[in-house]
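Me: I would like to go through the labels attached to this model and hear what each one rests on. Please set every value against its cut-off.

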Amino acid sequence: MTAPFGAGSRFVWLADTSVCQRCPEDLLAEFDRTLPAIPESTVLLLTTTNKPDGRIKSTKLLQQQALEIRQALGDRPKAALSLLRIAQIQRQQGELDTALTTIESALTIIESLRSNLA
């Protein structure tokens, strides 16, 4: 798969994609390789009629990528939200200790934000 991102400044829409419902390992590997290479000026939009399945690796990969982008932008409230979503996926996958650590990281951000309001 060659990413249609070029040098950036593009809008790429994957309409009615099943990437978050089922994703073969070879496609997941390509997705993992391609996502970090998307230029900052490019927008990748994934839409589907079904709710993403939090149990599969591609959904977890997208949540992790969203977290990294939000952290890089310094968007702490959205980073906390991403951590919450990742913890929910980890819990669904039975990774309870990891989910606890992840949600604690989210709570640390939330408490920091809350203390800045006082």
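Me: Which element gives the most to the lining of the largest pocket?

Reply: H2 does, with 10 residues. The model is predicted: local features need pLDDT of at least 70, side-chain atom pairs count only at pLDDT 80 or more, and totals for chains, interfaces and linings use all residues. Residues are numbered from 1 along each chain as its sequence is written, and side-chain values use heavy atoms, with hydrogens and water left out.

Me: What makes a residue part of that lining, and which lie nearest the centre of the largest pocket?

Reply: A lining residue has an atom within 4 Å of a pocket point; a pocket is an open set of points on a 1 Å grid over the protein atoms alone, where a 1.4 Å probe fits, with protein on both sides within 12 Å along at least five of seven lines. By that rule 34 residues line the largest pocket, and Leu62, Gln63, Gln65, Ala66 and Arg70 lie nearest its centre. Two or more lining residues come from each of strand S2 (43–46), helix H2 (57–73) and helix H3 (76–92).

Me: How much space lies in the largest pocket?

Reply: About 1,000 Å³. The volume is the space filled by probe spheres set on the points, which are joined across faces, edges and corners.

Me: Why is Ser82 called buried?

Reply: Buried means under 20% relative accessible area, exposed over 50%, and partly exposed in between (1.4 Å probe, protein chains only). Ser82 has 0%, so it is buried. This residue is found in helix H3. Leaving out residues up to four places away in sequence, Ser82 touches Gln63, Ala66, Leu67 and Arg70 (contact: heavy atoms within 4.5 Å).

Me: What makes Leu83 count as buried, and what does Leu83 touch?

Reply: Its relative accessibility is 9%, so Leu83 falls in the buried class. Leu83 also lies in helix H3. Apart from neighbours within four places, Leu83 is in contact with Leu67, Thr102, Ser105, Ala106 and Ile109.

Me: Why is Thr102 called buried?

Reply: Its relative accessible area is 10%, which means that Thr102 is buried. Thr102 lies in helix H4 (residues 96–117). With residues up to four places away left out, its contacts are Leu83, Ile86, Ala87 and Gln90.

Me: Where is Thr42, and why is Thr42 called buried?

Reply: Thr42 sits in the loop between H1 and S2. The value for Thr42 is 8%, so the label is buried. Val12 is 30 residues away along the chain from Thr42, and their C-alpha atoms are separated by 7.5 Å.

Me: Why are Asp32 and Gln64 called partly exposed?

Reply: Asp32 has a relative accessible area of 43%, so it is partly exposed. Gln64 gets that label because its value is 33%. Asp32 is in helix H1, while Gln64 is in helix H2. Asp32 and Leu62 are 30 residues apart in sequence and 8.9 Å apart from C-alpha to C-alpha.

Me: What makes Asp16 stand out in phi, and is Asp16 buried or exposed?

Reply: Asp16 has a positive phi of about 50 degrees although it is not a glycine. Most residues other than glycine have a negative phi. Asp16 is in the loop between strand S1 (11–14) and helix H1 (25–34). Its relative accessibility is 61%, so Asp16 is exposed. Gln64 is 48 residues from Asp16 in sequence and 22 Å from it, C-alpha to C-alpha.

Me: What share of the residues is buried in the whole protein, and what share of the contacts joins residues at least 24 apart?

Reply: Buried residues make up 31% of the 118 residues. Of the contacts between residues at least 6 apart in sequence, 70% join residues at least 24 apart. The C-alpha atoms fill a box of roughly 45 × 35 × 25 Å along the principal axes.

Key. Helix = DSSP H or I, 4+ residues; strand = E, 2+ residues; numbered from the N terminus.
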